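Subject: Structure for you to look at

Hello,

Here is the structure I said I would pass on. Please open it first and keep it in view while you read the rest.

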Amino acid sequence: MSNRLTEILAAKRDHVARRNAETSLAALEASAAGQTAPRGFRAALDRAAVDGFGLIAEIKKASPSKGLIRADFDPPAHARAYQAGGAACLSVLTDVPFFQGADDYLVQARAACSLPCLRKDFMIDPWQVLEARALGADAILIIVAGLEDGAMAEIEAAAIGLGMDVLVEVHDRAELDRALRLRSRLIGVNNRDLRDFSVDFARTYELVGSAPEGCTFVAESGLGGPADLAAMAEHGVRCFLVGESLMRQADVEAATRALLAA
Ligand SMILES: O=C(O)c1ccccc1NCC(=O)[C@H](O)[C@H](O)COP(=O)(O)O
């Protein structure tokens, strides 16, 4: 595991331990039970990809690699713009120290649109899955590089038990093999190397052919515009997770529409 990812996960362990100690499990379960049913995340992507592209549009204020991305950050407005521009799903960063995210951004964004929402965070404990559902999340992320097989299976089981989808993120062949031991068939390939933040689309191109039949395959990170999606489509990739390049646009709706017209 990389030093940067190790650093992020260590901070997350402290955060989760603190939050777990100060939050009543019964209250969290009641909040999760009081939420409307999960909006089908993978199903929405698959539908969009039938005769177009399945876009997971990310609400991202800042990142460890780029610092502040958008000063006039407005999650409900971005959610509405992404939906109007044709995105199939949203991803909302909730990690505080490294991405300047917040749980409330997820709540606000989901309330502002009808798209299924991924809680984009570093999951290390099934408790966070319950917390995600209590916030209304429809899907969670598992980063294979950050977890042992047993922990991944527990987190996935918690999500499936709550009716949520799981995006399983890999970066190389060995991680894809580990991902395919899980039940989820929603696989994301992160083009960004979390050790040094370099981006290489070859990661996606190398792995797309190894995704099993019936798998929903998502290319993630570093996608800058319609030409990148067109190049990916040449390799058979139909679903994408895009954050920074859309968040930097003055007109997010128009940029989303233009991206999907690739
Ligand atoms: O974005 C980062 O700098 C980053 C650093 C360390 C761990 C994860 C990171 N990003 C999380 C993501 O998965 C991306 O936000 C997502 O794939 C969208 O990427 P982009 O379109 O390049 O913003």
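Predicted model: local features only at pLDDT ≥ 70, side-chain atom pairs only at ≥ 80, totals over all residues.

Along the principal axes, its C-alpha atoms fill a box of roughly 50 × 40 × 35 Å. Of the 262 residues, 46% count as buried. If you take the contacts between residues at least 6 apart in sequence, 68% of them join residues at least 24 apart.

The annotation: an unreviewed UniProt entry marks residues 5–259 as "domain: Indole-3-glycerol phosphate synthase". That span is 45% helix and 17% strand, and its end C-alpha atoms lie 30 Å apart.

One helix pair: two packed helices are described by the angle between their axes and the distance between the axes. Here the pair is α4 (residues 75–85) and α12 (residues 252–260), whose axes come within 8 Å and cross at roughly 35°. The crossing of α4 and α12 is right-handed. Which residues in α4 and α12 meet? From α4 they are His 78, Ala 81, Tyr 82, Ala 84 and Gly 85, and from α12 they are Val 252, Glu 253, Thr 256 and Arg 257. By type, the residues of this contact are four nonpolar, three polar and two charged.

Regards

Conventions:
Residues numbered from 1 in each chain as written. Axes fitted to C-alpha atoms, helices over the stretch in contact; angles between N-to-C directions. Helix = DSSP H or I, 4+ residues; strand = E, 2+ residues; numbered from the N terminus. Left-handed = near helix turned anticlockwise from the far one by under 90°. Contact = placed C-beta atoms within 7 Å. Nonpolar A, V, L, I, M, F, W, Y, C, P; charged D, E, K, R; others polar. Buried ≥ 20, exposed ≤ 12 C-beta atoms within 10 Å, placed from the backbone. UniProt positions renumbered as here; feature names shortened; annotations may be inferred.
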